[in-house]
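Here is a short briefing on one protein chain. Keep the structure open as you read, and find each residue as it is named.

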Amino acid sequence: MPRPTGTVVLASIRGGAALLAAYQRDLGAPVGADTDPAAWYGAVARYSGADSADAAAAFADEVFTTIGAGEARVTDDGQRITLPARTVRPERSWLDRLGLRRLARPDGVECPRTISCEWIPAPYEAFGEGDYGNHDLSDRPARQKIEYIVIHDTEASWATTLQLVQDPTYVSWHYSLRSVDGHIAQHVKTKDVGWHAGNWYVNAKSIGLEHEGFAAQGTWYTEAMYRTSAKLVRHLALRLGIPLDRQHIIGHDNVPGTIPSTMRGMHWDPGPYWDWTHYFDLLHAPRLDTGTPATGLVRIDPDYATNQPAFTDCVTVGVPCAPRGSSSVVLRSAPSTDAPLVNDIALRPDGSPNTMAVSDHGARASAGQTYALAGRQGDWTAIWYLGQRAWFHNPASAPTASWTVGVVATPKPGRATVPVYGRAYPEQSAYPDGVPYQAISPLQYTLAAGQRYAVGAVLAGEYYRASTFDGSSPGDWTVIRGKNRYAQIQFGHRIMYVDLADVQLLPSPVGAPR
């Protein structure tokens with residue numbers, strides 16, 4: 001699908017302006033070229049499409065904040081927009097004329113005051129024969145530190161999303177975010193454990209955010225949603241001490257399976273059309289760009305608007321997707337556009353190359369993810385990825401990565417390979433009597449001597465025991481901790497874990513390839 005022409009874009013702008021003017025007239029507010037922009041607050045609030053006053057106000061406040069600060073960016077369809085800064089003090093009284101419902105905001109809703117947020121609880125209910133749903137009680141972070149915030153998309157409409165999270169027989173997550181205006185519903189307290197990531201270790205140590213939308217389309221990820229999501233995540237991260245980086249703010253597509261048999265079925269949302277670079281800009285996340293090729297760590301960093309991989313299957317199997325910006329770079333087995341994609345053995349056990357299907361992330365790295373450098377040749381850069389060298393196009397004239405510094409993990413001397421895990425559980429001797437041992441099962445990958453992987457964190461082995469509705473089973477509602485420790489590494493598109501007893505941690509410049 002070609003990009004919109006200038007005529008189409010102009011018509012769209014005029015259509016939006018006409019709709020905004022109609023809303024202004026409906027309110028009885030002044031209309032005209034000389035009208036003070038402050039008087040358009042009510043029309044802008046209605047333009048959000050929100051059905052509650054606080055959601056409409058949050059949208060309008062964000063618009064007027066942007067007017068005051070100015071903005072310059074390229075949209076995901078390649079349109080460059082520049083808005084000079086202009087001081088405007090909006091007349092918020094116009095909001096009252098919209099007659100929108102006002103949501104009760106009960107004490108304890110864990111959202112910043114500057115965004116629209118309501119409480120729609122996920123049920124904690126028992127329903128016979130030991131079954132219960134749809135989350136687990138805990139007391140985090142007092143009981144267990146929260147390490148991750150996981151970004152999902154719903155693959156459903158807003159109405160369906162709310163129906164599902166209120167079903168005690170279904171799964172749960174902590175927050176849902178609406179596409180049209182960024183409105184948020186909280187369902188599970190952050191102290192409790194949602195069932196959202198498909199990995200119990202990650203569930204026990206994370207907060208899950210579901211964004212209304214469909215990963216193969218991308219257009220559901222609106223600016224309003226990005227902005228309220230970023231405000232919420234920054235609020236939670238600062239409160240809970242979660243670093244604002246891609247080792248801790250992760251997609252569902254970055255969560256590993258717990259054992260080999262579950263790797264293939266792990267989800268791929270929010271997908272390659274989620275704009276991680278813009279999202280981290282909105283988070284005001286710190287960024288370390290003091291590296292060089294010699295420092296040996298590569299941060300994936302494509303220009304979202306112009307980076308348009310030729311994905312397929314967005315609408316119809318085998319049919320190319322419409323060109324659009326992406327956070328993902330494609331990884332090949334050799335430094336050539338003709339080379340096959342690399343293989344993810346969990347997705348393709350026969351060793352065949354992964355594909356360009358939009359849901360096939362086995363040969364893909366995403367903006368903000370950090371990898372150890374494995375080589376350079378001309379306009380191509382190689383990283384260590386799932387036990388192999390993976391090459392991506394990274395020309396100096398239009399770089400798709402930046403250089404950084406940090407720590408890498410590599411096998412200890414004398415070890416040919418070390419196992420890789422999807423969870424960081426304690427050793428068997430740490431489990432009290434009556435609590436079943438959770439096996440430390442290696443995944444189908446190995447980390448071989450000579451390879452290096454960027455380290456995102458060092459973690460103690462932990463297992464949160466929660467198996468009954470009332471905590472009556474031995475060890476329930478306790479965190480079992482052992483002596484073993486793990487390094488979290490960026491092993492492929494997903495994060496994974498290695499036992500610290502198997503690896504040595506080194507500063508990234510040591511022996512980096514050139």
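**Gly-471 and its surroundings**

Leaving out residues up to four places away in sequence, Gly-471 touches Asp-476 and Trp-477. The model is a predicted one. Gly-471 sits in the loop between β23 (453–465) and β24 (478–490). Its relative accessibility is 21%, so Gly-471 counts as partly exposed; the cut-off for buried is under 20%. Gly-471 and Lys-189 are 282 residues apart in sequence, and their C-alpha atoms are 18 Å apart in space.

**The chain as a whole**

- The chain holds eight helices and 26 strands.
- Its radius of gyration is 24 Å, close to the 24 Å that the globule rule gives for 514 residues, so the chain is as compact as a globular protein of that length.
- Along the principal axes, the C-alpha atoms fill a box of roughly 80 × 60 × 40 Å.
- Buried residues make up 55% of the 514 in the chain.
- Take the contacts in the chain with a separation of 6 or more: 70% of them are between residues 24 or more positions apart.

**Surface and charge**

- The chain exposes about 21400 Å².
- The chain has 45 positive and 50 negative charges.

**Nonpolar cores**

- In soluble globular proteins, nonpolar side chains tend to be buried together.
- The largest nonpolar core of this chain has 45 residues.
- Which residues touch the most other members of this core? They are Leu-331, Ile-489 and Phe-491.
- Strand β17 (residues 380–385) gives the largest share of this core, with five residues.
- Another core, of 33 residues, lies apart from the largest one. Among its members are Tyr-221, Leu-240, Ile-249 and Ala-285.
- Beyond residues up to four places away in sequence, Phe-491 touches residues including Trp-384, Tyr-385, Leu-386 and Gly-387.
- Other contacts of Phe-491 include Val-420, Tyr-445, Tyr-453 and Met-496.

- Leu-386 lies in the loop between β17 and β18 (388–393).
- Is Leu-386 buried or exposed? Its relative accessibility is 11%, so Leu-386 counts as buried.
- Phi of Leu-386 is near 55°, a positive value in a residue other than glycine.

**Glu-129, another positive phi**

- Glu-129 also has a phi near 55°, and Glu-129 is not glycine either.
- Where is Glu-129? Its place is in the loop between β4 (125–126) and β5 (132–133).
- Glu-129 has a relative accessible area of 84%, so it is exposed. The cut-off for exposed is over 50%.

**Trp-195**

- Find Trp-195 in the loop between β10 (193–194) and α5 (200–204).
- At 22% relative accessibility, Trp-195 counts as partly exposed.
- Trp-195 and Asn-134 are 61 residues apart in sequence. In space, their C-alpha atoms are 7.0 Å apart.
- Neighbours within four places in sequence aside, Trp-195 is in contact with Asn-134 and with others, including Tyr-132, Gly-133, His-135 and Asp-136.
- Further contacts of Trp-195 include Tyr-170, Val-171, Ser-172, Trp-200 and Asn-203.

**Cys-314**

- Cys-314 is placed in the loop between β13 (297–300) and β14 (328–330).
- Cys-314 has a relative accessibility of 17%, so it counts as buried.
- How many residues apart in sequence are Cys-314 and Ala-216? They are 98 residues apart, yet 5.0 Å apart in space, C-alpha to C-alpha.
- Cys-314 is in contact with Ala-216, Tyr-273, Val-319, Cys-321 and Val-358, leaving aside neighbours within four places in sequence.

**Cis peptide bonds**

- Arg-140 and Pro-141 are joined by a cis peptide bond, with omega about 0°.
- Pro-141 belongs to the loop between β6 (135–136) and β7 (148–153).
- Asp-269 and Pro-270 are also joined by a cis peptide bond, and here omega is about 5°.
- Pro-270 is in the loop between α7 (260–263) and α8 (276–282).

Methods: Residues are numbered from 1 along each chain as its sequence is written. Side-chain values use heavy atoms; hydrogens and water are left out. Helices (H or I, at least four residues) and strands (E, at least two) are DSSP runs, numbered from the N terminus. The radius of gyration is taken over C-alpha atoms; the globule rule is 2.2 Å times the number of residues to the power 0.38. Buried means under 20% relative accessible area, exposed over 50%, partly exposed in between (1.4 Å probe, protein chains only). Contact means heavy atoms within 4.5 Å. Accessible areas come from the Shrake-Rupley method with a 1.4 Å probe; for residues, only the protein chains shown count as cover. Lys and Arg count as positive and Asp and Glu as negative; His and the chain ends are not counted. The place of a charge is taken as NZ of Lys, CZ of Arg, CG of Asp or CD of Glu. A nonpolar core is a set of buried Ala, Val, Leu, Ile, Met, Phe, Trp, Tyr and Cys residues joined through side-chain atoms within 4.5 Å.
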